[in-house]
Amino acid sequence: MQDYPASWWAASSRHACDFAALREDIETHVAVIGAGFTGLSAAHHLCELGLRCVVLEANRIGWGASGRNGGIAVPRYKFTYPELEDKYGEATALLMYRAAHDAVDSLERIVRQHGLDCGFVRSGHLTPVVSASDVARFIADVEWLASRVHDTAPRMLDAAEASRRIGTAFYSAAYHEPRGGVIHPLEYCITLANALYAAGVRIHCGTPATRWQVEGDGVVVHTPNGRVRAKQLVIASNAYSDLTPAGKPLEKRVVPVASAVIATEPLPPDLRESLLPGGEAATDAKRLTNYYRVLRDGSFFFGGRGGASSRASQRIYDRLRRDMVAIFPQLASVAVRHQWFGLVAMTLDTLPHVGSLDARVHYGMGYNGRGVALSALFGRLLANRVAGHAPAVGPMSSGRFEPIPFHALRVPAKQVAITWKQLVDALGV
Ligand SMILES: Cc1cc2nc3c(=O)[nH]c(=O)nc-3n(C[C@H](O)[C@H](O)[C@H](O)COP(=O)(O)OP(=O)(O)OC[C@H]3O[C@@H](n4cnc5c(N)ncnc54)[C@H](O)[C@@H]3O)c2cc1C
């Protein structure tokens, strides 16, 4: 069982949990593989439906992307809504708009229902933009929302207002979505796991599902020291699906890409107040996105693409620090206290997918770095699938989610793509 990376989240978590490994054969209604946001949300919603479930986690609660991420919940996708309409038609774009808000609402509902002490705040979210083409894309998005759904909450901020709200003159505008939120992601995982356990969910850490097979009218999941016989199986292993052969049918449908993070020492009050003074989190619109927020002890969290391999080297962290100082020159002499990385699951259509491999085996994954809110919704969709309904969420439930051709070549291909994106950003085209 692997421990948490040395992240700011692990260092600052006010909560802990301890779930023993499985050491016997057991029966349940649903087995869930993975105790990240998706698996825990699925367990929460299965519980609400009155279904017994067992969560199996190879490492610790929230050990994967869920305990390492920015904790930024955004009611948006990587595409703007006009782009979604062009691609999938108006009805689907509207459905996806409702799903994006449903996702943040679902996260908030889970937090409130269990009274989770995980720093959830509807802080608002900023998408700072650099290029003229991105400014035009986001203005079109604001207009689309106003005309199609009479939603006038998101607003485009001009350069001066963006600079005031973010604390840098680096960007030419910013898109403000007041309904975005933030959480302490590891505290969310730990407090939710503790609440579910108290509600009767069996949770076993240090328990990799090594393989599973459909047998009779159910599924048998094998772990090193016990088997789980279940009526149905939920696979929530996301970018970590290649940990064991249990994720084999899914691992080639997503490309794991490292996202790296640095967190500074706590900033002095004047510096701290110059950054995001309204308390929002930000995810910029550059092709190689940077995302950042001020943490509760006044440290600055700054994340970005972790390079082409599925690990992050010191060179990557040094580059991330240079990127941070290029955007926020006032941080030039601030020390970095924590650095870590995690894997983001990318998909060919940049959308997550929920579906079933078999009438008894369901999956939800591929959030492309937007899983904090969407995983809360996907947990509910997975529980619904177990219960026999499969609500449509447009291409996220009906789109192609096949093994990616030439998956084995993904590292060199990613290297080319990332270098190209860096060049395009540097040229501002
Ligand atoms: C650095 C970073 C920053 C990010 N920032 C944001 C952000 O700010 N906002 C946002 O919306 N999204 C963000 N994301 C994406 C977000 O973290 C993910 O979409 C989300 O956490 C996915 O949750 P999950 O439960 O599906 O997967 P994970 O959290 O990765 O969980 C999968 C779990 O499955 C376990 N597992 C795998 N195989 C097995 C097996 N065979 N048996 C048992 N257990 C197994 C793993 O150990 C792991 O714990 C970020 C991701 C990273 C890496």
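**Figure 1. Leu276 in a loop of the predicted model.** Leu276 is buried, because its relative accessible area is 4% (buried means under 20% relative accessible area, exposed over 50%, and partly exposed in between, with a 1.4 Å probe and protein chains only). The loop that holds Leu276 runs between helix H9 (269–274) and strand E13 (281–283). Helices (H or I, at least four residues) and strands (E, at least two) are DSSP runs, numbered from the N terminus. Leu276 is not a glycine, yet its phi is positive, near 40 degrees. The model is predicted, with local features needing pLDDT of at least 70 and side-chain atom pairs counting only at pLDDT 80 or more, while totals for chains, interfaces and linings use all residues. Residues are numbered from 1 along each chain as its sequence is written, and side-chain values use heavy atoms, with hydrogens and water left out.

Figure 2. Asn368 is found in the loop between strand E18 (361–365) and H11. Although Asn368 is not a glycine, it has a positive phi of about 55 degrees. With 1% relative accessibility, Asn368 counts as buried.

Figure 3. The ligand is surrounded by 38 residues, and the closest are Thr38, Glu57, Ser66, Ile72 and Val372 (a residue is near a molecule if one of its heavy atoms lies within 4 Å of it). By class, the shell has 18 nonpolar, 17 polar and three charged residues. Here Ala, Val, Leu, Ile, Met, Phe, Trp, Tyr, Cys and Pro count as nonpolar, Asp, Glu, Lys and Arg as charged, and the others, Gly among them, as polar. Helix H2 (37–48), strand E12 (255–264), strand E16 (336–346) and helix H11 (371–386) each give the shell at least two residues. E16 provides the largest share, three residues.

Figure 4. An N or O atom in the side chain of Ser66 lies 2.5 Å from an oxygen atom of the ligand. For Thr38, a polar side-chain atom is 2.6 Å from an oxygen atom of the ligand. Gly64 has a polar backbone atom 3.3 Å from an oxygen atom of the ligand. On its own the ligand has 1,000 Å² of accessible area, and the protein covers 97% of this. Accessible areas come from the Shrake-Rupley method with a 1.4 Å probe; for residues, only the protein chains shown count as cover.

**Figure 5. His125 in strand E4.** His125 belongs to strand E4 (residues 125–129) and is buried at 1% relative accessibility. The side chains of His125 and Thr283 make a polar contact at 2.7 Å. A polar contact is a pair of N or O atoms within 3.5 Å; within protein, one must be able to donate a hydrogen and the other to accept it, and residues adjacent in sequence count only if both atoms are side-chain atoms. Leaving aside neighbours within four places in sequence, the residues in contact with His125 include Ile72, Val74, Tyr175, His176 and Glu280 (contact means heavy atoms within 4.5 Å). Ile72 is also one of the closest residues to the ligand.

**Figure 6. Ser299 between two strands.** Ser299 sits in the loop between strand E14 (290–294) and strand E15 (300–305). Its relative accessible area of 1% makes Ser299 buried. The side chain of Ser299 reaches the backbone oxygen of Thr264 at 3.2 Å. Not counting residues up to four places away in sequence, Ser299 touches Trp8, Thr264, Glu265, Pro266, Leu267, Arg293 and Val294.

**Figure 7. His29 in strand E1.** His29 has its place in strand E1 (residues 26–33) and counts as partly exposed at 27% relative accessibility. Apart from residues up to four places away in sequence, His29 touches Leu51, Arg52, Ala230, Lys231 and Gln232. Val386 is 357 residues from His29 in sequence, but their C-alpha atoms are 9.5 Å apart in space.

**Figure 8. Asp242 in a loop.** Asp242 lies between strand E11 (226–235) and helix H8 (248–251), in the loop that joins them. With a relative accessible area of 43%, Asp242 is partly exposed. From C-alpha to C-alpha, Asp242 and Lys252 are 8.6 Å apart in space, and they are ten residues apart in sequence.
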